[in-house]
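Colleague: Before I use the labels in your description, I want to see how each one was assigned. Please set the values against the cut-offs.

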Amino acid sequence: MLTRTASFTLSAVALGVALCAGAYAPQVQAAAPAGYSAPSSTINWLAAAGDADIEKAFAQGKAEKKPVLVYWGAKWCPPCNQLKATLFNRQDFADRAKHFVAVNIDGDLPGAQKLGARFKVRGYPTMILFSPDGAEITRLPGEVDAPMVMNVLQMGLAGGRPVKTVLAEARAGKPVTANEWRMLAFYSWDTDEAQLVPAPERPGLLAQLSAACPPAEADTAMRLLLKSLAESDQGKGVKPDAALRERVRKMLADPVASRAQMDVVVNAAADIVKGLAPEAGAERKQMVDAFDAALQRLQADKSLSRSDRMSALIGRVALARIDLPKDTVQPKLADALTQQVRTEVSKADAEITDGYERQAVITSAAHLLGQAGLWKESDALLKANLSKSHSPYYLMSQLGGNAKRQGRTAEALDWYSQAFTKSEGPATRLQWGSSYLSALVDMAPQDAKRIEQTASQLITEAANQQGAFYERSARSLQRVGQKLATWNGKGEHKDVIQRLRQQITPVCAKLPTEGGQKAVCEGVIKA
């Protein structure tokens, strides 16, 4: 699922940047970095591995009076693969690309994590549209279906004002056009990274925008309201009442209206229900039934991608589990729902031929099977797809998670170990290594030798990487340090910590003070 979830899929793609035949005159470019795969062959993606590449892209945009679209992603990430399967390969996207400069920052390229810090991007995927003079216009949503993304992209290309300016004027009660209201509603709040508003303030802001939206923009107001409800736990954002619940039920009962809100309904059904009906009881059941009916329609809607239809089914299972503890391993679901899970997963596995789509859908399908309590079938699906995935280590991590949930410790650690061993790319290896070390500390805290070896290997790999102490890579290493600090909570492993501290100290000493790398490095292993 997308991070929030976009879904992604990948198949092997020819190395280098492929040109779209006949779309526009090819431009002379430097060779793509070694190991780089373009997000699609439909347009001419510029691979960015450092600041110099970005400056060239912005210079091109300024010279040609074209906006710049920056896509930040990774080979393994399911939502990124979904974009590749449903958006980047579209002819209308290729046609629209004639009017912007397309830049791809692969998170595993040498300077990618430093660029992540520059643009304040963390989650994969993130898409940002910049004006020709380099001002950020908007962040595009990765979880909506491709036609909606195209509409949002077109709004930005049509000379739209930066979303930051639009938001300030909307909050001040100044005139905002219908398209600008839609830009706010379709802004990628999930990848905002506090560019517009701190995350804790977001539910309240979205609720205020929904209330201020003009009456003629009912769909836009509803979208803002639903997004606020999805984040309105613990009293934040919207305060539910009977009128609000009826308003949402009316939208859900309308096939056209609910289709317009597809991505929010599919991805946040259980969260919205909790926002509208915080306590179990009759009101919650009414909302669950209303959402389930809408999700069944979306699940059968062939105009949606297979990933979105699968997500609708995931939403239905989440609703069926809504009153159960999150860690419930064997939920009791209705037989008809369980059978639908089996049928849809089997059908997807048999029918998918595109590698990108497979990475997006099969990983979601395995999660769905687990949520339905069908663990053996989830394991079997993942194992059968290891040889079909361009990033099998992602599936190995899921197998580790499955085994951990069921208490099979040795098996879980073996899968996490294999996932780390097979992972590829500097940032990815630090992330997968961090996950493996976390699993060791959680499930085998007595294995001090293996914990130290894994931590030491990660420090060695970080020392040999460019940008290891920026963004996602920095957070992976910080998680390692936090886990080790917990493991050594009473000082029982102080000798291990001291040796690791001695190993990382010279690494930190070589880093420049500016940019924050040195400070991050010095904070990883606490004495």
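Modeller: Start with R284, which counts as buried because its relative accessibility is 7%; buried means under 20% relative accessible area, exposed over 50% and partly exposed in between, with a 1.4 Å probe and protein chains only. The model is predicted: local features need pLDDT of at least 70, side-chain atom pairs count only at pLDDT 80 or more, and totals for chains, interfaces and linings use all residues. Residues are numbered from 1 along each chain as its sequence is written, and side-chain values use heavy atoms, with hydrogens and water left out.

Colleague: Where does R284 lie, and what does R284 touch?

Modeller: R284 is in helix α13, residues 282-299; helices here are DSSP runs of H or I with at least four residues, numbered from the N terminus. Leaving aside residues up to four places away in sequence, R284 touches V273, K274, A277, P278, E279, I322 and D323, where contact means heavy atoms within 4.5 Å.

Colleague: Why are α19 and α20 called roughly antiparallel?

Modeller: The axes of α19 (residues 409-422) and α20 (residues 426-443) cross at roughly 160° and come within 8 Å. Axes are lines fitted to C-alpha atoms over the stretch in contact, and angles run from 0 to 180 degrees between N-to-C directions. Angles under 35 degrees count as roughly parallel, over 145 as roughly antiparallel, 65 to 115 as roughly perpendicular and the rest as oblique. The pair α19 and α20 is therefore roughly antiparallel.

Colleague: Which kinds of residue make up the contact of α19 with α20?

Modeller: That contact has 10 nonpolar, 4 polar and 1 charged. Ala, Val, Leu, Ile, Met, Phe, Trp, Tyr, Cys and Pro count as nonpolar, Asp, Glu, Lys and Arg as charged, and the others, Gly among them, as polar.

Colleague: What makes α9 and α12 oblique?

Modeller: Helix α9 (residues 218-230) packs on helix α12 (residues 262-276) at an angle of about 60°, with the axes 7 Å apart. By the angle classes, α9 and α12 are therefore oblique to each other. Their contact divides into 7 nonpolar, 1 polar and 4 charged residues.

Colleague: Which residues touch the most other members of the largest nonpolar core?

Modeller: F93, F469 and L484 do, in a core of 137 residues. A nonpolar core is a set of buried Ala, Val, Leu, Ile, Met, Phe, Trp, Tyr and Cys residues joined through side-chain atoms within 4.5 Å. A second, separate core has 31 residues, including M222 and L298.

Technical notes
Helices (H or I, at least four residues) and strands (E, at least two) are DSSP runs, numbered from the N terminus.
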